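Subject: Structure handover

Hello,

The structure is placed below, and my notes on it follow. Please read the notes with the model open.

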Amino acid sequence: MSLWARFRGGVHPDAHKTTAQCATKPLPRPERVVLPLRQHIGAPCQPLVKKGDEVALGQPVGDTDAPVAAPVHASVSGKVAAVEPRLSPSGRMEQAVVIEAAPEDTPWEGLPAGLGWDLDPELLDPAFIRDRVRQAGLVGMGGAGFPAAVKLSPKPGSEPDVVILNGAECEPSITSDHRLMLEQPERVVLGLRLFMRATGARRGIIGIEANKPDAAARLSQLVAGDPSIAVEVLPVRYPQGAEKMLVWALLRRAVPVGAIPLDAGVVVQNVATAAAAATALAEGRPLTDRIVTVSGRVQSPGNWRVPLGTSFVDLVRAAGGLTGSLARVIAGGPMMGMAQADLDVPVTKTTGSVILLGPEDLDETPAGPCIRCGRCVSACPMGLLPAQLCAAALNSDWAAAERFHVRACMECGSCSYVCPARRPIVQSIRLAKFELGRRARQGRG
């Protein structure tokens, strides 16, 4: 266990990792998929197909020349039924490619040749690895969705010396990364070695929370004898998996406000992104599916490998259907996930979990006045004053929100979790960020 594996603040929510022992199962092939053309941070892709086109598995259906973006690929073979705005798990209407699945999948003939699972990353050109990662449409699969190839392309003079793989999976209820590390550890390790080669980093670290000892042991066996890679077991503490927290816990390096881990000489990628990179290089396959945890008020909670674009309705059906009435659906974890207005939304590259909650799971206590207890200040891993930020936002005092460093908030939800008055702290901070961004775009102070 790392001697430095602690960071300021944080909380200890109930883990609810009841699906950790549920082996990943293939989801029954969907009859239709909806592929939003923005499943990443950055510019949306432009459609490469039109209604009526026949597409094959792995064929690009959306791309752009924008530097911060990732292409989208067909997750099934079939016919394009529509290219139109559809609701995405982000809550936005996004341009999407709708594909009616054919009876069987046929791989796209234009897929790049796979290099085989015995490939040696040290024999590959770093630019070649980055290009393959970009072609495969890889993004941060832990939820952030930042294009992976961009992270692997540091500017001259800012090359990292360490690549960290995030296997903490600190959010309650999610176990998709845990299962991946148990079931495909070789892909995780190969992906790390590819990332190290692509960035020139000489060290690799896989950070895993202590509630996953089986995954830590399995990965440790695979890297035994390789002094360049270490598996570090971290204390169970939310938000351990946040990039800045992980960098501090593992390396004792601080990432300043407004900076990124690369400014501290580190590249952080998710373990699922690493496994997908290994698949892209070894087999030539782009990112067309991922593991998703389905938990909560369903008959058979578990983990499924799901084609991207599959409706949440199909996930619930695979999990045996609902048990009782449904009050809330969350894409992602309960701390940072996004509540959904409809079950008819698609799985995207960043959907690691779908949680179905009933009325009995929700705390409907109305928000009260702030009692100045300071719990939110103690819990904030960024050292902010959440109560002050909340008050500034609710009073539309955007200058005060800026003065209290609202942009430094990573919206982890620790403050809201510990607030005895049930104040809408995170929601208010998001409002302030939105308003400040809108005013900046309009050229207003």
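A pocket here is an open set of points on a 1 Å grid over the protein atoms alone, with protein on both sides within 12 Å along at least five of seven lines; a cavity is a set of points where a 1.4 Å probe fits but cannot get out, and lining residues have an atom within 4 Å of a point. Grid points are joined across faces, edges and corners, and a volume is the space filled by probe spheres set on the points. The model is predicted, so local features need pLDDT of at least 70 and side-chain atom pairs count only at pLDDT 80 or more, while totals for chains, interfaces and linings use all residues. Residues are numbered from 1 along each chain as its sequence is written, and side-chain values use heavy atoms, with hydrogens and water left out.

Pocket and cavity

The second largest pocket has a volume of about 1500 Å³. Its lining consists of 33 residues, and Arg-328, Ile-330, Pro-334, Met-335 and Leu-362 are the ones nearest the centre. Two or more lining residues come from each of strands S13 (289–296), S15 (328–331), S16 (338–339) and S17 (353–357), and from helices H12 (414–418) and H13 (425–441). Helices (H or I, at least four residues) and strands (E, at least two) are DSSP runs, numbered from the N terminus. H13 gives the largest share of this lining, three residues. By class, the lining of the second largest pocket has 15 nonpolar, 10 polar and eight charged residues. In this count Ala, Val, Leu, Ile, Met, Phe, Trp, Tyr, Cys and Pro are nonpolar, Asp, Glu, Lys and Arg are charged, and the others, Gly among them, are polar.

The structure holds one cavity of 30 Å³ or more. The space in the largest cavity is about 100 Å³. It is lined by 13 residues, with Cys-380, Pro-381, Cys-409, Cys-412 and Cys-415 nearest its centre. That lining divides into 11 nonpolar, one polar and one charged.

An open sheet of six strands has the order S1-S14-S13-S17-S15-S16, with mixed pairing. Two strands pair if DSSP finds at least two bridges between them. S1 and S16 are the edge strands, each pairing on one side only. S1 pairs with S14 (residues 302–307) in the parallel sense, over two bridges, and Lys-25 stands opposite Trp-304 in S14. Helix H3 (residues 176–183) lies across S13 and S14, at about 130 degrees to S13. Axes are lines fitted to C-alpha atoms, for helices over the stretch in contact, and angles run from 0 to 180 degrees between N-to-C directions.

Thr-24 sits in the segment before S1 (25–26). Leaving out residues up to four places away in sequence, Thr-24 touches Arg-179, Glu-183, Ile-291, Asn-303, Trp-304 and Arg-305; contact means heavy atoms within 4.5 Å. The side chains of Thr-24 and Glu-183 are joined by a polar contact of 2.8 Å. A polar contact is a pair of N or O atoms within 3.5 Å; within protein, one must be able to donate a hydrogen and the other to accept it, and residues adjacent in sequence count only if both atoms are side-chain atoms.

Four-stranded sheet

A second open sheet has four strands in the order S2-S8-S7-S4, and its pairing is antiparallel. S2 (32–36) and S4 are at the edges with a single partner strand each, so one side of each has no neighbour in the sheet. S4 (residues 54–55) and S7 (residues 78–87) are joined by two bridges, and Glu-54 stands opposite Lys-79 in S7. Nine bridges join S7 to S8 (residues 93–101). Arg-86 has Glu-94 in S8 as its bridge partner, and Leu-87 has Met-93. S7 and S8 form a hairpin with five residues between them, and Gly-91 in the turn has a positive phi of about 90 degrees.

Backbone points to check

Most residues other than glycine have a negative phi, and most peptide bonds are trans. Glu-169 is not a glycine, yet has a positive phi of about 45 degrees; it lies in the loop between S9 (162–167) and H3. The peptide bond from Tyr-238 to Pro-239 is cis, with omega near 0 degrees. Pro-239 is in the loop between S11 (229–234) and H6 (243–251).

Regards
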